[in-house]
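Please work through the exercises below with the sequence and the structure at hand. Each task is followed by a solution in steps.

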Amino acid sequence: MLGIVRQKMLGQSLLKIRPAISVLRSYSSAAKQMTVREALNSALDEEMSADPKVFLMGEEVGEYQGAYKISKGLLEKYGPERVLDTPITEAGFAGIGVGAAYYGLKPVVEFMTFNFSMQAIDHIINSAAKSNYMSAGQMSVPIVFRGPNGAAAGVGAQHSQCYASWYASCPGLKVLSPYSSEDARGLLKAAIRDPDPVVFLENELLYGESFPVSDEVLDSSFCLPIGKAKIERKGKDVTITAFSKMVGYALKAAEILEKEGIDAEVINLRSIRPLDRSTINASVRKTNRLITVEEGFPQHGVGAEICASVVEESFAYLDAPVERIAGADVPMPYAANLERMAVPQVEDIVRAAKRACYRAVPLAAAA
Amino acid sequence: KRFSSDLFFGVPKSLINGIPKSFQCSLPLLRPHCLFPLFYILLPTFSSFFTSHFLSFSFFPPHSEENGYSFLTFQVRRPTIPSQHHFSKQPSYNPHYRLTLPRFHPQTHPPQFFFQFESPPSIWDRRQESKSKSTPNLLITKKEGLELYEDMVLGRAFEDKCAKMYYDRKMLGFVHLYNGQEAVSTGFIRLLKQQDSIVCTYRDHVQALSKGLSARAVMSELLGKATGCCRGQGGSMHIFSRKHNMLGRFAFIGEGIPIATGAAFTSKYKREVLKEADCGHVSLAFFGDGTCNNGQFYECLNMAALWKLPIVFVVENNLWAIGMSHLRATSVPQIYKKGPAFGMPGVHVDGMDVLKVREVAKEAIGRARRGEGPTLVECETYRFRGHSLADPDKLRDPAEKAHYAARDPITALKKYLIENSLANEADLKAIDKR
């Protein structure tokens, strides 16, 4: 009798720990869950083991295991010559990375946040981005600048800016921004293998989020093409483009809209430069309405560029003005309630979708 | 009549029975003739400890530049241009310090000023001296001492409260605490006037409090309230105050130094171009050891010395930049040496001793006010907590932490005040309560 009780309790405890042991392939239907952090870590690990010219450089990447634990375990595995802890000199080590890339290595330079890249922006733009052109193709700079971008929780104005539009306006650079673990893995591998300078914008709040990944993604040669967007959710009423964290918000907004009868198509841009204009335009030609969502400042932002591109190529197909959702035009405030107001929320996307579908009062009348 | 059962190894049983049983059996070991062998073992190991206590002379570590710091160094460093080496012996402590005359040497021309700095006796030595002297030569008055104490205790209490708020989830984002470094803030800022400006990095709630902002305003700011000093818009890392001339705390570590240099430039400009009276306003830039690897630091040292700006560069060298040890990040870890390279005095001081810091600060700020130019002061200090409250702080050696915890500036000042009869326990407890 005791044996039966024990079996029952064991069964119950198995049920409780089932999500945790889903990594074991004992259930054929459950996909493996992987956090973005693990995805980035595994991508770095695999690329570093595949190519000895790849090295990682940044503040606290080695002994501290990464400021956000992205490079955990890499120092033990590859040693201090390939995983370099730098002093606090962004301009210095970004420049050193670019120099190493000029001369044949493949550096991955980590900025603790992309806000600090402003100290090194001279090297990213002038030394890395422009040199292939200036040297007529002689100098190739296979460098990756990566780090978290955009707002985190309560970190104030100097730690919360989104740099997607800044870097995306510069010819010579490639700018990537993943959302899920699959994006993170595939795009980081593609970036490291790419012979051009790549700015890889991650998001601190996404690091801990886990997404299901298929076996194909876990393969060490998995790579996503740069310059192709992904349609996360197919729809026919309105197109919502987003990147990084805003994709999650857009998907949630799409679920809310579905209950109201609006079928939204969500495009995960993945690559900000080069922008996948063909996918966006094809989608707009299908749905006839567009909403662009981003976290950064509105003026001269990614949304502005998408809007202009659609107006240039698919103007006749637009049934409503393009709605731009962006962060508030103000340095990020610190107080939690102000911060919530300064970053786009799911309700904002829903409201904009409704405006685009003429379900609510149009903007001009409301102003 | 005496029976053997009355005695336990020569000690009457009646005495033994009073002692707990666990100690009774160890008594035979404590007989004097049994203890002598222990001295042969203990004396060599503890001899340096004993001698250092009374003859600080013998405790100076070898003058090995290439090691950088060992965390046990207390001494003040000397400038290392060979022509200046005229010390054939280690200096004895002396409460006076002297400014050398400019020396001409082909290698160092134009002439450079150095502080030949023999620091005031450390408070540990004071303890010995005050027993022998009846009226010791004190560095501060009672009022000043209590003010310093109150300032440091306020800072410590504030930081501990911040930690509590953070763990209660009332405070978000980054919170960088200043426990252990209060001596630097108090030692410098308490000597400033309201019009003097300070610029800091993100670790400076306590600088704001020392400068005069109310604890209520700063705490409200950290909690994101509209009553905070920046209406909740700046947050922990961005405390500004026009009224108290706290020109801000900057999250980017090198960023504040040019700002402070600019403030010093304004002060000089007002004095010389706009001919305003009473413009001997000094600017202080506080930053850490990690900042000293940043280009902006060197650019500002150069320009400040070139234009003789009234600024003091205060390096709070707590030996760690998040998880990066200063020794791993810097080719020449002695930061004070970088001052003379740009033509300004570089002074190293024990940043855990508020009185020493204050003496150096007086001289440096005085220099700046008189128009003699900038000074680089390196305060060797330590942060008791991690880099921020989210930092697991695994990389620092616990022995190092314990060592610096023993040199806590607040307890040190407390001891000094009490031993020199400047205050008594009751006064200090009253301050603690407040």
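Predicted model: local features only at pLDDT ≥ 70, side-chain atom pairs only at ≥ 80, totals over all residues.

**Exercise 1.** Determine which parts of chain A are tied together by the salt bridge between Asp183(A) and Arg270(A).

*Solution.* 
Step 1. The closest N and O atoms of Asp183(A) and Arg270(A) are 2.6 Å apart, and a salt bridge requires such a pair within 4 Å.
Step 2. Asp183(A) belongs to helix α8 (residues 181-193) of chain A, whereas Arg270(A) is in the loop between β11 (264-268) and β12 (271-273), so the pair ties together parts that are 87 residues apart in sequence.
Step 3. Both residues of the pair, Asp183(A) and Arg270(A), are buried.

**Exercise 2.** Identify the side-chain partners of Asp160(B) in the salt bridge and in the polar contact.

*Solution.* 
Step 1. Arg385(B) forms a salt bridge with Asp160(B), with 3.2 Å between the closest N and O atoms.
Step 2. This pair links distant parts of the chain, 225 residues apart: Asp160(B) is in helix α5 of chain B, and Arg385(B) is in the loop between β12 (375-380) and α14 (398-405).
Step 3. The side chain of Asn179(B) is joined to that of Asp160(B) by a polar contact of 3.0 Å.

**Exercise 3.** Classify Asn179(B), Asp160(B) and Arg216(B) as buried, partly exposed or exposed.

*Solution.* 
Step 1. Buried means under 20% relative accessible area, and exposed means over 50%.
Step 2. Asn179(B) has 6% relative accessibility and is therefore buried.
Step 3. Asp160(B), at 34%, is partly exposed.
Step 4. Arg216(B) reaches 70% and is therefore exposed.

Definitions and conventions
Residues numbered from 1 in each chain as written. Chains lettered and ligands numbered in written order. Heavy atoms only, no water. Buried < 20%, exposed > 50% of the residue type's maximum accessible area, 1.4 Å probe, protein only. Polar contact = N/O pair within 3.5 Å; in protein donor to acceptor, adjacent residues only side chain to side chain. Helix = DSSP H or I, 4+ residues; strand = E, 2+ residues; numbered from the N terminus.
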